[in-house]
Amino acid sequence: MRVIAGERKGHHLKAVPGTNTRPTTDKIKESLFSIIGPFFDGEKVLDLFAGSGGLGIEALSRGASECVFIDQAQAAIKTVHLNVSACHLESQAHIFRNEAKRALKVLAKNEWAFDLVFLDPPYKKQQLEQLMASLSELELVNDAALAICEHDADAVLPDEVAGFKKIREERYGITVLSIFEYEKEVAGNE
């Protein structure tokens, strides 16, 4: 795994030890960033099931201003710290070990709001619709924010969830990327 583009292009990233974490392949990552925009301009990013931190680090390398990395596994958090440090992105990274739903509540208390959210939970424990509903209810996403859901091909997500509207879906073997855009006005009317 490596950083594909931006200021940290070419930096190698460590994978989380063991078999519990499935990293996003470079091919999928490259495709994803060509879809959502190759470069950013100061966006705030949430990498909720961070794993190695590859998606959030890629966004920072491409111009996002800050990224909050959250994972429940200690090995993943240790790996995120190593990768963020190796890419010299410590000043832009906020790294927390926490369970996803509890983490969202803490972020809401601290008045975070994100422009880009990566949701790549373990395939066996996916609750993507509930997570997007929580992002909306807790006002953790700005208008026009993107939520990138990486999930198993067997999981079918609706076209709309709590103010999020599916704008694109791409399949890569057993992996599907569902890309949603948030509309604050729509969420407020539900």
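Author: Let's start with strand β8, which is mostly covered: seven of its eight residues are buried. Buried means under 20% relative accessible area, exposed means over 50%, and partly exposed is in between, using a 1.4 Å probe and protein chains only. Strands are DSSP runs of E with at least two residues, helices are runs of H or I with at least four, and both are numbered from the N terminus. Keep in mind that this is a predicted model, where local features need pLDDT of at least 70 and side-chain atom pairs count only at pLDDT 80 or more, while totals for chains, interfaces and linings use all residues. Residues are numbered from 1 along each chain as its sequence is written, and side-chain values use heavy atoms, with hydrogens and water left out.

Now for the neighbours of β8. Strands of a sheet pair through backbone hydrogen bonds, either parallel or antiparallel. Two strands count as paired if DSSP finds at least two bridges between them. On one side, β8 (residues 175-182) runs antiparallel to β5, with seven bridges joining the two. The hairpin of β7 and β8 has two residues between the strands, and Gly173 takes a positive phi near 65 degrees in it.

Talking of phi, most residues other than glycine have a negative value. Ala144, a residue of strand β5, has a positive phi near 70 degrees even though it isn't a glycine. With a relative accessible area of 41%, Ala144 is partly exposed. Ala162 is another non-glycine residue with a positive phi, near 50 degrees, and it sits in the loop between β6 and β7.

Back in β5 (residues 141-152), you'll find His151. At 1% relative accessibility, His151 is buried. Its side chain reaches the backbone oxygen of Ala155 at 3.1 Å.

Helix α4 has a partner in α5 (residues 128-137): they pack at an angle of about 10 degrees, with axes 10 Å apart. That makes α4 and α5 roughly parallel, since the label covers angles under 35 degrees, while over 145 is roughly antiparallel, 65 to 115 roughly perpendicular and the rest oblique. Ala100, Lys101 and Leu104 of α4 meet Leu131, Ser134 and Leu135 of α5 in this contact.

Last stop, the aromatic rings. The structure holds four aromatic pairs. Rings of Phe, Tyr and Trp (its six-membered ring) pair if their centres lie within 6.5 Å; planes under 30 degrees apart are stacked, over 60 edge-to-face, and the rest tilted. Phe33 and Phe40 are edge-to-face, because their ring centres are 6.0 Å apart and their planes are at 75 degrees. Phe33 and Phe118 also have their centres 6.0 Å apart, but their planes are at 55 degrees, so this pair is tilted. Phe33 belongs to helix α1 (residues 26-36) and Phe118 to strand β4 (residues 114-119), so the pair ties together parts 85 residues apart in sequence. Phe33, Phe40 and Phe118 form one aromatic cluster. Phe33 is buried at 0% relative accessible area, Phe118 is buried at 1%, and Phe40 counts as buried at 16%.

Terms used: Polar contact = N/O pair within 3.5 Å; in protein donor to acceptor, adjacent residues only side chain to side chain. Axes fitted to C-alpha atoms, helices over the stretch in contact; angles between N-to-C directions. Contact = heavy atoms within 4.5 Å.
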